Amino acid sequence: MRISGTVFVLVAGTFVTRPAGLPLETAGTRSGGIPPGLPAVDLPALATVGGVLGVVGQGVLPELTLPALAQAGAVTIASNARLAEVRLPELVGLPYTPTEWPALGTLSIRANPALLAVSAPKLASTAQGLELLDNPVLPALDLPALARI
């Protein structure tokens with residue numbers, strides 16, 4: 001079995017630095033750590049999503065604003081530990097088109113423990129439903145135009 005020189009040096013260097021107590025710098029220690037998720041989402045021109053728009057499992061994302069999003073097949077916002085605010089000011093509808101994706105036409109907001117506000121003031125209808133589960137501090141929704149679920 002042959003081991004490349006690069007791999008050998010990497011392994012040997014690790015064994016030398018650890019016992020000797022030498023400092024070992026990584027990209028994370030140099031920059032103050034690598035965040036477990038996205039710190040911000042900036043998609044100001046995104047107007048249409050043909051399938052599912054999902055924001056799932058982002059540990060450090062404090063807010064989500066999609067200022068131009070007018071239509072999506074579905075929106076799923078789930079398991080975001082620090083997400084406090086969702087703003088979809090131009091979202092009008094979540095239509096359903098029969099496909100292999102049964103979640104199309106649904107607005108699903110679940111398991112966001114810090115979520116305080118959801119605003120989609122122009123959302124008039126969801127073809128398949130509205131799902132709100134396990135958002136323990138969410139006091140209210142701003143969905144004044146929602147007329148059909």
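## Salt bridges in this model

A salt bridge here means a side-chain nitrogen of Lys or Arg within 4 Å of a carboxyl oxygen of Asp or Glu. By that rule, E63, E85 and R87 are linked in a network of salt bridges, and a search of the whole structure finds four salt bridges.

Before you explore them, a word on the source: this is a predicted model, in which local features need pLDDT of at least 70, side-chain atom pairs count only at pLDDT 80 or more, and totals for chains, interfaces and linings use all residues. Residues are numbered from 1 along each chain as its sequence is written, and side-chain values use heavy atoms, with hydrogens and water left out.

Let's turn to the strands, which are DSSP runs of E with at least two residues, numbered from the N terminus. Four of them make an open sheet with parallel pairing, in the order 2-4-7-10. Strand 2 (63-65) and strand 10 (141-142) each have a single partner strand, so one side of each is left without a neighbour in the sheet.

Two strands count as paired if DSSP finds at least two bridges between them. Strand 4 (residues 85-87) and strand 7 (residues 117-119) are joined in the parallel sense by three bridges. Within this pairing, V86 sits opposite V118 of strand 7.

Now back to the network. R87 and E63 meet through their side chains in a salt bridge of 2.6 Å, N to O. Because R87 lies in strand 4 and E63 in strand 2, the pair ties together parts that are 24 residues apart in sequence.

Both residues are partly exposed, a class that lies between buried (under 20% relative accessible area) and exposed (over 50%), using a 1.4 Å probe and protein chains only. The relative accessible area is 29% for R87 and 37% for E63.

## Two further pairs

E90 forms a salt bridge with K122, with the closest N and O atoms 2.7 Å apart. This pair links distant parts of the chain, 32 residues apart: E90 is in the loop between strand 4 and strand 5 (93-94), and K122 is in the loop between strand 7 and strand 8 (125-126). E90 is partly exposed at 31% relative accessibility, and K122 is partly exposed at 41%.

R110 and E131 also meet in a salt bridge, at 3.3 Å, N to O. R110 belongs to strand 6 (residues 106-110) and E131 to strand 9 (residues 129-133), so this contact ties together parts 21 residues apart in sequence. R110 is partly exposed at 31%, as is E131 at 29%.

Terms used. Helices (H or I, at least four residues) and strands (E, at least two) are DSSP runs, numbered from the N terminus.
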